[in-house]
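Please open the model in a viewer and keep the selection panel at hand.

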Amino acid sequence: MRDDSFIEFVTKHRWRILLVAIAVIALILLFTIGFWKTLLVVGIVALCYFIGRMLDNEGKDGFAAFFKALFGQKDE
């Protein structure tokens with residue numbers, strides 16, 4: 001019975017719990033390594049997330065096509 005109430009609480013407040021956890025991690029990083037290093041960590045994590053998402057959704061071919069479109073020659 002007690003486990004069900006905990007799961008219900010977490011399910012009902014999942015976004016609050018997640019965002020508070022992210023805020024605590026961000027504050028710990030800010031106070032321990034500083035603003036710019038924290039910003040670098042966040043940027044690298046975001047970049048890796050988007051690359052992983054692209055690979056999950058479109059596979060290696062979609063990943064290659066993205067970079068070919070980004071850095072390939074432009075037809076004029």
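The stops that follow concern a pocket and then aromatic rings.

This is a predicted model, in which local features need pLDDT of at least 70, side-chain atom pairs count only at pLDDT 80 or more, and totals for chains, interfaces and linings use all residues. Residues are numbered from 1 along each chain as its sequence is written, and side-chain values use heavy atoms, with hydrogens and water left out.

**The largest pocket**

Select Ile22, Ile25, Ala26, Leu29, Thr38, Val41, Val42 and Val45, which line the largest pocket. Helix H2 (14-33) and helix H3 (35-71) each give two or more residues to this lining. Helices here are DSSP runs (H or I, at least four residues), numbered from the N terminus. A pocket is an open set of points on a 1 Å grid over the protein atoms alone, where a 1.4 Å probe fits, with protein on both sides within 12 Å along at least five of seven lines; lining residues have an atom within 4 Å of a point. The space in the largest pocket is about 240 Å³, a volume filled by probe spheres set on the points.

**Aromatic rings**

Four aromatic pairs are counted; rings of Phe, Tyr and Trp (its six-membered ring) pair if their centres lie within 6.5 Å, with planes under 30 degrees apart stacked, over 60 edge-to-face and the rest tilted. Select Tyr49 and Phe50: this pair is edge-to-face, at 5.2 Å centre to centre and 70 degrees between the planes. Next, select Phe67 and Phe71, a stacked pair at 6.0 Å centre to centre and 10 degrees between the planes. Phe67 and Phe71 are separated by about one helical turn because they are four residues apart in helix H3.
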